[in-house]
Amino acid sequence: MADLEALLADFDAECAELDGLIAPLDPAEWARATPAPGWTIAHQIGHLAWTDRVATLSATDAAAFTALLEQAAPRALTFVDEAAEQEAATPAPELLRRWRGTRAALVTALRAVPAGTKLPWFGPPMSAAMMITARLMETWAHGQDVADALGVRRVPTARLRNIAHIGARTRDYAYAVQGRSAPAAEFRIELTAPDGDGLWTWGPESAAQRVTGPALDFCLLVTRRRHPDDLKIEAIGADAAEWLTIAQVFAGPPGSGRAAGQFD
């Protein structure tokens, strides 16, 4: 993993890329449907603004975050959608300003977190570095929904390595969400970097279970933005093949994902 300042810079760059897609839009276009059922572009940006604000709360006031978590517990399956719905009702210019403010506040807050501190979250507690990596992942994933809604093909960057890292690290979590036990043996993951020259790897080189392919396709897989059948990701071994069908990097229920052939 990169150091915190490098991760914060990657997060800023990811946000700026998405900002560049939505800032020129007419406010009416924020009501355009995205591939996430029931979510418009406004829902996507509202969700990012709300989650960045909650992440800032985690970094600055753990007790207040824990209280929020307890309040949301009875609505565990709906509170994220409810928050997105509320944020999406905000006029587009104000929502854009709000998102810009919440993401800047998060960077400031995480920069001040003492080294070694674990921040509470909806899943396991995490370091400031992992928190910003998770926020970068969500910004990229929800940005993909916006790009798909607009018919824009984004150019993959080296920032994908951060997302791929979470994808590799959350293998066992994906099984837990499904109520299943993860395989005991580690997997080997080998991904071709977006520039086509580098190889990003995780896990022991001698592992029998392997996953290979382009980094972009792997990130689309683990964020559940594309169906496995539509990606050039290959698995060697039954366990690795099974994981490709359930992999997810985000906290919460897996959802239905995307249908095969949806983006042909």
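**Close-up views of a predicted model**

View 1. Glutamine 44 sits in helix H2 (residues 41-60); helices (H or I, at least four residues) and strands (E, at least two) are DSSP runs, numbered from the N terminus. This is a predicted model, in which local features need pLDDT of at least 70 and side-chain atom pairs count only at pLDDT 80 or more, while totals for chains, interfaces and linings use all residues. Residues are numbered from 1 along each chain as its sequence is written, and side-chain values use heavy atoms, leaving out hydrogens and water. With 0% relative accessibility, glutamine 44 counts as buried (under 20% relative accessible area, 1.4 Å probe, protein chains only). Its side chain makes a polar contact with the side chain of threonine 34 at 2.9 Å (a pair of N or O atoms within 3.5 Å, one able to donate a hydrogen and the other to accept it).

**View 2. An open sheet of four strands.** Here the order is E2-E1-E3-E4, with mixed pairing; two strands pair if DSSP finds at least two bridges between them. Strands E2 (199-202) and E4 (234-236) stand at the edges, each with a single partner strand, so one side of each lacks a neighbour in the sheet.

**View 3. Where E3 meets E4.** Strand E3 (residues 210-214) and E4 run antiparallel, joined by three bridges. Look for arginine 210, whose bridge partner in E4 is isoleucine 236.

View 4. Over residues 183-227, the chain is 18% helix and 31% strand.

Terms used:
Buried < 20%, exposed > 50% of the residue type's maximum accessible area, 1.4 Å probe, protein only.
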